[in-house]
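Visitor: Could you take me through one part of this model closely, and then show how some of its helices sit in their surroundings? I would welcome a connected account.

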Amino acid sequence: MTTNHLIINGDQTVSHIDRQIYGHFSEHLGRCIYEGIWVGEDSPIENTKGIRNDVVKALKEIKIPGLRWPGGCFADEYHWKDGIGPNENRKRMINTHWGGVVENNHFGTHEFMLLCELLECEPIICGNVGSGTVQEMSEWVEYMTFEGVSPMAELRAENGRENPWKLKYFGVGNENWGCGGNMRPEYYADLYRRFQTYVRNYGDNKIFKIACGPNVDDYRWTEVLMREAHQYMDGLSLHYYTLPSESWAEKGSATAFPENEWIKTLKKAQRMDELITRHSAIMDQYDPNKRVSLIVDEWGTWYDVEPGTNPGFLYQQNTIRDALVAALSFNIFHDHSDRVRMANIAQMINVLQAVILTEGEKILLTPTYHVFNMYKVHQDAELLQFNLESETFEEHGLSMKAVSATASRDAAGKINISLAHVNPAKSTKVTIDLRGLKQDKLNITATELTADVMDAHNTFDAPDQVVPTAYSNYTVNGTELTLTLSPMSVTALTIE
């Protein structure tokens, strides 16, 4: 008799899963922007006005809903006027946060907005509070969104864009408790109130304003921001990275890791549930109707860089372990989708838990990319009420649930179920009891992502080591399914 039992009530919805939970983050860091996204119009790599076509195609496949830019720590040293106009006139600057390299500002506002148009996703702009001014931020919003006669609208037209863009999401500063100014929450709360006043809505463009929220478990920051400024914000950000170790100096390898770091990493990924729960409880005191969204706009694994690469570029490999971190995180975001309405993985290409790696003209899809592709069915679906009883996975003195799950119903009425099995050594059985269905006969399609070893990953020489395959290791008895989940696997089922 199995101890993994999932009951899904197909006729009972809990909350809406905002598609922005599947968002991405792109910072001027390492090879994320330059080489990863932007190669320039003169590059032999196929591009559209300098933007890589292969990257755009891959990202459209996973239906990327939103993209955050230009940072990160870079945002609070970024002055947007340096990145407009003819390339030869754009200022060169030193990227003091990430490797001390020269930033030529060839990828700026126009290029980013073109990228979002090509991706058919929402741009998420992060403004400069740390070293910028109220006027600078106000003029940036005017430059992007004002339609009519004004100095910034005229400047935009001079630079080749007559009509304004649509901009929904704007972050007022980034990590202002740290690299964005080392501020106290009281000071930032007052600054936020001031700066956001001048992030104006022009015409019918309505901006969703995101305040800089806490670092990990800084609950006092959330308390102060909600108390002093919740009425002026639409979202409050949260940053949390998954590290195998307790030290930022030696975070651990992305691939050559000891067995005990498997469960340490996955258990730390699950801490996201505790953080969201506790920060949400504070938000509930000031915002019981949940008007203000919790925005997890930086999340993912952070390891030591790959040997031989620039330490400031944060380039790391991506394994089946990272795929499971992504699946566990999505399941948690779904559980809290009444409050969490956006999340942006860090980062999109060539940095940290990337979905894409590039090497010259070559492109590589990571295991994390494949999880995004398997989970895209949940975008803008309705979370179903479910209950999961899971066996325990124990290893090296640590324990956690062996199985994590989520279930939703899309607009067409299809039920999508996603399961993550974290035990790397053995398979396990799960029974799924589907209740409240109108049909007795189930039409099922399923895929699985798994691997033979804990550090299995894709390389440019072997790009298909960890890829989804058709899954059929299940039986059906009426509306009850019995699945055998492979070790360290992500499984997705669609039921019609």
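**A close look at helices**

Guide: Ser-138 has its place in helix α3, which covers residues 134-145. In this model, which is predicted, Ser-138 counts as buried because its relative accessibility is 14%, under the 20% limit that buried requires. Along the chain Ser-138 and Thr-197 are 59 residues apart, and their C-alpha atoms are separated by 8.9 Å.

Burial can also be followed over a whole helix. In helix α10 (residues 367-375), eight of the nine residues are buried, so α10 is largely enclosed by the rest of the structure. The buried residues of α10 are Pro-367, Thr-368, Tyr-369, His-370, Val-371 and Phe-372, together with Met-374 and Tyr-375.

A further topic is the packing of one helix against another. Two packed helices are described by the angle between their axes and by the distance between those axes. For helix α6 (residues 219-229) and helix α8 (residues 271-286), the angle is about 25° and the axes lie 9 Å apart. Since angles under 35 degrees count as roughly parallel, α6 is therefore roughly parallel to α8, and the crossing of α6 and α8 is right-handed. On the α6 side, the contact is made by Tyr-219, Thr-222, Glu-223, Met-226 and Arg-227, while α8 contributes Glu-274, Leu-275, Arg-278, His-279, Ile-282, Met-283, Gln-285 and Tyr-286.

How values were computed:
Residues numbered from 1 in each chain as written. Predicted model: local features only at pLDDT ≥ 70, side-chain atom pairs only at ≥ 80, totals over all residues. Heavy atoms only, no water. Helix = DSSP H or I, 4+ residues; strand = E, 2+ residues; numbered from the N terminus. Buried < 20%, exposed > 50% of the residue type's maximum accessible area, 1.4 Å probe, protein only. Axes fitted to C-alpha atoms, helices over the stretch in contact; angles between N-to-C directions. Parallel < 35°, antiparallel > 145°, perpendicular 65-115°, else oblique. Left-handed = near helix turned anticlockwise from the far one by under 90°. Contact = heavy atoms within 4.5 Å.
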